[in-house]
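Please look over the sequence and the model below before reading on. The text then goes through selected contacts, one group at a time.

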Amino acid sequence: MMQRALPRRCILCDAPTQDERICLDCDIELPRLPLARCAACAVPLASGELCGTCLRAPPSFERVLGVFAYDFPVDALIHAFKYGRRLSLAPVLGEALAGSVASGADVLVPMPLAPRRLSERGFNQALEIARFVSRRHGIPIVAAGCRKVTETLPQAALPWKARAKNVRRAFVCDTPFNGLRVAVVDDVLTTGASLQPGRR
Ligand SMILES: [Zn+2]
Ligand SMILES: [Zn+2]
């Protein structure tokens, strides 16, 4: 068997790298989330632990763990991964998330796609990302635990206030997760409305 080690190249600037998919120069420029952010929903904060919204009405999830702000070039990478079906980007996004979260969940639930969306796309991007978190932290994925039962409009296409309504009653969960710490994995978080069953 012949093996030839081709130098790996940075997916952003095409410079040769040691073994990284993104070179160190590009990595340092990535739009990481600011350290000062709401402990619950991760919106950037000037000061304090929780944002005003979470203080007034605590969200139904404990916290949001994320890596990047949805800015260039991360937005372009996610777009290419999801809509351009560049599955080779799954390790880039998955490893980045895995590296920034501590294990602390009992199960990972990838945000489900509606059946029609799933068959159009051919894969669930949230599941592809979750695989890397699962492997790194030894947390099992329960992919069949929750289902999306109605087709919704893409959250990003809607005005802020319409997003909660758009996803209300869109998901059904028929796995008993009682007593378990569940981490829902998704590629993009906008308002977190998908995780808030009754909140407007
Ligand atoms: Zn680069
Ligand atoms: Zn908040």
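What follows covers metal sites, aromatic contacts and salt bridges, in that order.

The model is predicted. Which residues hold the zinc ion (ligand 1)? Its protein donors are the SG atoms of Cys-10, Cys-13, Cys-23 and Cys-26, lying 2.3 Å from the ion. Along the sequence, these donor residues are spaced C-x2-C-x9-C-x2-C. The angles among the four donor atoms run from 103 to 115°, and the site is tetrahedral. The surroundings of two of these donors can be given as well. Cys-10 has a relative accessibility of 2% and therefore counts as buried, the limit for buried being under 20%. Cys-13 has a relative accessible area of 42%, so Cys-13 is partly exposed.

The zinc ion (ligand 2) is coordinated at 2.3 Å by Cys-38, Cys-41, Cys-51 and Cys-54, in each case through SG. The spacing of its donors along the chain is C-x2-C-x9-C-x2-C. Why is the arrangement around the zinc ion (ligand 2) called tetrahedral? It is tetrahedral because the four donor atoms subtend angles of 104 to 114°, and four donors count as tetrahedral if all angles lie between 85 and 135 degrees.

The next topic is aromatic rings. A pair of aromatic rings is described by the distance of the centres and the angle of the planes. The count here is one aromatic pair. The pair consists of Phe-81 and Phe-123, with ring centres 5.7 Å apart and planes at 40°, and is therefore tilted. The label follows because planes under 30 degrees apart would count as stacked and planes over 60 as edge-to-face. Where do the two partners lie in the chain? Phe-81 belongs to helix α3 (residues 74-82), while Phe-123 is in the loop between α5 (115-121) and α6 (125-137). The two are 42 residues apart, and the pair links distant parts of the chain. Phe-81 is at 0% relative accessibility and so counts as buried. Phe-123, at 7%, also counts as buried.

A ring can also take part in a contact with a charge. The charged end of Arg-135 sits over the ring of Phe-132, at 5.2 Å from the ring centre.

The last topic is salt bridges. Side chains of opposite charge can pair when their charged atoms come close. The count of salt bridges comes to eight, and one of them joins Asp-27 to Arg-32, with the closest N and O atoms 3.5 Å apart. Asp-27 has a relative accessible area of 26% and is therefore partly exposed. Arg-32, at 41% relative accessibility, counts as partly exposed too.

Asp-106 and Arg-181 also meet in a salt bridge, with an N to O distance of 3.1 Å. Asp-106 is in the loop between α4 (90-100) and β3 (107-110), and Arg-181 is in the loop between β5 (171-173) and β6 (182-185), so the pair ties together parts 75 residues apart in sequence. Asp-106 is partly exposed, with a relative accessible area of 26%.

Another salt bridge lies within a helix. The side chains of Arg-116 and Glu-120 meet at 3.6 Å, N to O. These residues are separated by about one helical turn because they are four residues apart in helix α5. Arg-116 is exposed, with a relative accessible area of 53%, whereas Glu-120, at 46% relative accessibility, counts as partly exposed.

How values were computed. Residues are numbered from 1 along each chain as its sequence is written. Chains are lettered from A and ligands numbered from 1 in the order in which they are written. This is a predicted model: local features need pLDDT of at least 70, side-chain atom pairs count only at pLDDT 80 or more; totals for chains, interfaces and linings use all residues. Side-chain values use heavy atoms; hydrogens and water are left out. Donors are N, O and S atoms within 2.8 Å of the metal (3.2 Å for Na, K and Ca); water is not among the atoms, so sites may look incomplete. Four donors count as tetrahedral if all angles lie between 85 and 135 degrees; four count as square planar and six as octahedral if opposite donors are over 155 degrees apart and all others between 65 and 115; anything else is irregular. Buried means under 20% relative accessible area, exposed over 50%, partly exposed in between (1.4 Å probe, protein chains only). Rings of Phe, Tyr and Trp (its six-membered ring) pair if their centres lie within 6.5 Å; planes under 30 degrees apart count as stacked, over 60 as edge-to-face and the rest as tilted. A charge sits over a ring if NZ of Lys or CZ of Arg is within 6 Å of the ring centre and within 35 degrees of the ring normal. A salt bridge is a side-chain nitrogen of Lys or Arg within 4 Å of a carboxyl oxygen of Asp or Glu.
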